[in-house]
Amino acid sequence: MRAQLRSQKGFTLIELLIVIIIIGVLAGISVSIWNKRKAEAIIASMKSDLRNLAVSEEAYFSDYSAYASDTGDLVFRSSPNVVFTLQADQDGWAANASHPAVSTECGLYFGDIAALSPARREGIVWCE
């Protein structure tokens, strides 16, 4: 009797499980990084929207000698899902921006008015 040697091709179950675990770890890392980058992009859009709001407020003041207390009175378009709180009087205006996808808020104010949190210095967008 002659012993026949079988040539086995393929992977063992252990090898396949190790590859699946490695792919799972890499997917977890990439999802975490993607979520962080998405949050950074949302915060950047809130900052940009506040700067655009500042330009619109100054244009409104130039036309009407008063600051607008409602974003509907201003000519500017905000990013999707960015929510503004705006206060204004004859001496200045204050606004903050938030987004439901992140816990960070950004604020900005100009003039002699109480700043809305988290704004700290006049004319500088501040987020926390």
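These legends accompany close-up views of a predicted model. Because the structure is predicted, local features need pLDDT of at least 70 and side-chain atom pairs count only at pLDDT 80 or more, while totals for chains, interfaces and linings use all residues. Residues are numbered from 1 along each chain as its sequence is written, and side-chain values use heavy atoms, with hydrogens and water left out.

View A. Helices (H or I, at least four residues) and strands (E, at least two) are DSSP runs, numbered from the N terminus. Buried means under 20% relative accessible area, exposed means over 50%, and partly exposed lies in between (1.4 Å probe, protein chains only).

**View B. The surroundings of aspartate 49.** What lies 2.8 Å from a polar atom of the aspartate 49 side chain? It is the backbone nitrogen of serine 79. Setting aside neighbours within four places in sequence, aspartate 49 is in contact with Phe76, Arg77, Ser78, Ser79, Val82 and Phe84 (contact means heavy atoms within 4.5 Å).

**View C. The E1-E2 hairpin.** Strand E1 (residues 83-89) pairs with strand E2 (residues 92-98) in the antiparallel sense, over 7 bridges. Two strands pair if DSSP finds at least two bridges between them. Look for leucine 86, which stands opposite alanine 95 in E2. The hairpin joins E1 to E2 through 2 residues.

**View D. Serine 103 in a loop.** Serine 103 sits between E2 and strand E3 (105-111). With 73% relative accessibility, this serine counts as exposed. Serine 103 and glutamate 40 are 63 residues apart in sequence, yet their C-alpha atoms are 11 Å apart in space.

**View E. The disulfide of cysteine 106 and cysteine 127.** A disulfide is a pair of cysteine sulfur atoms within 2.5 Å, and the count comes to 1. The sulfur atoms of cysteine 106 and cysteine 127 are 1.9 Å apart, and their link is right-handed, with 105 degrees about the S-S bond. Cysteine 106 lies in strand E3 and cysteine 127 in strand E4 (residues 126-127), so the pair ties together parts 21 residues apart in sequence. Cysteine 106 counts as buried at 0% relative accessibility, whereas cysteine 127 counts as partly exposed at 23%.

Terms used. Polar contact = N/O pair within 3.5 Å; in protein donor to acceptor, adjacent residues only side chain to side chain.
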